Amino acid sequence: MLIRSVLVLLGAIVGIVAGGCQTNATTGRQQMLFLSLQHEAQLGAEAKPQMLAEMGPAMSRAEINLYVERVGKSLLAPALERDPKMASFTWEFTVLDSNVINAFALPGGKVFMSRGLMQKMTNEAQLAAVLGHEIGHVMARHGNERVSRTLAAQLGLEVAAAAMGSGESAQLIHQIAAQSTELFLMSYDRRQESESDSLGAEYMVAVGYDPMGAVQVMEILNAVAGSSKPPEILSTHPDPARRAEALRKKIANEFPQTQGNPAYKLKEAEFKSGILNKLSRAFPHAGEPTLAGAASIVPEGALGALVGGCDH
Ligand SMILES: [Zn+2]
């Protein structure tokens with residue numbers, strides 16, 4: 001009887017993991033995902049006000065928001081072409097009125113960019129690089145992947161048991177994940193970060209930006225990394241010098257046609273008049289971006305011990 005129960009339990013676990021495994025249309029990679037697209041959309045929408053409360057407020061100047069939204073939505077077009085089902089999300093690009101140097105994305109298409117990071121930039125291609133990277137995290141469903149790994153590691157048996165007894169595993173998973181929005185603030189792993197860097201560069205090229213803008217962002221981050229308090233974004237992202245190197249290689253191998261080609265733009269003048277001049281008029285005393293107000297972030301690699309699911 002005991003053996004029979006154990007076998008049934010094991011069958012349920014295998015069934016759940018197998019059921020959660022799917023191929024991501026954007027990356028072509030197999031992933032263990034327990035949350036549906038609807039769950040992701042709901043979790044992102046629920047977590048957004050919490051993010052604004054902790055890291056905001058949202059920028060009140062409409063023209064700044066509209067500029068960032070326009071760039072974000074242009075990058076979204078090639079992203080959704082590769083995976084049209086992600087158009088079911090309500091995509092939102094929100095500027096945080098904060099000196100903190102940060103950018104992040106919630107599942108369900110909620111992308112955030114701080115004023116402090118934009119004030120370090122010099123052209124629109126750099127803005128596109130950061131927005132493209134964050135869109136990449138959403139398209140590659142990295143938040144879902146992280147939650148799913150955590151659930152598998154911490155709650156595998158209970159989830160399996162509930163699924164076996166009632167067939168309501170999806171509901172249970174959602175209930176657990178809804179209590180764990182802090183999961184979305186944690187670091188992604190290195191592979192997820194480099195995946196997002198790659199995707200961001202691909203989206204940039206698809207809409208006519210010079211992908212060297214992405215390398216420039218890494219150089220900007222590298223320059224501020226040496227300060228006594230490195231910026232928030234560096235507590236959640238790998239070494240910018242290494243990321244710059246990987247991006248340079250990708251551009252040389254995959255996008256050589258973009259270099260020295262006026263069809264691929266940095267858009268310096270547009271960014272200066274549309275963002276930088278307006279920000280320096282609106283915040284004449286903002287000074288150097290500060291690094292305060294960080295949310296709780298776990299060190300990179302802290303989730304490394306979790307179950308890998310279908311990573312092979
Ligand atoms: Zn990232």
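In this predicted model, the buried residues of helix α12 are Phe271, Gly274 and Ile275. The cover over these buried positions of α12 includes α3 (62-82), α4 (115-118) and α5 (124-139).

The length of α12 can be checked against its residue count. The helix takes in residues 268-282, 15 residues in total, and at 1.5 Å a residue these should span 21 Å. The C-alpha atoms at its ends lie 20 Å apart, which agrees with that expectation.

Two packed helices are described by the angle between their axes and the distance between the axes. For helix α8 (residues 190-206) and helix α11 (residues 240-254), the angle is about 45 degrees and the axes are 11 Å apart. Angles under 35 degrees would count as roughly parallel and those from 65 to 115 as roughly perpendicular; α8 and α11 are therefore oblique to each other. Their crossing is right-handed. On the α8 side, the residues that meet the partner helix are Ser194, Asp197, Ser198 and Ala201. On the α11 side, they are Arg243, Ala246, Leu247, Lys250 and Ile251.

These helices belong to a chain with 12 helices and 5 strands. The chain has 312 residues, of which 41% count as buried. Among its contacts with a separation of 6 or more, 77% are between residues 24 or more positions apart.

Note on methods:
Residues numbered from 1 in each chain as written. Predicted model: local features only at pLDDT ≥ 70, side-chain atom pairs only at ≥ 80, totals over all residues. Helix = DSSP H or I, 4+ residues; strand = E, 2+ residues; numbered from the N terminus. Expected span 1.5 Å × (residues − 1). Buried ≥ 20, exposed ≤ 12 C-beta atoms within 10 Å, placed from the backbone. Contact = placed C-beta atoms within 7 Å. Axes fitted to C-alpha atoms, helices over the stretch in contact; angles between N-to-C directions. Parallel < 35°, antiparallel > 145°, perpendicular 65-115°, else oblique. Left-handed = near helix turned anticlockwise from the far one by under 90°.
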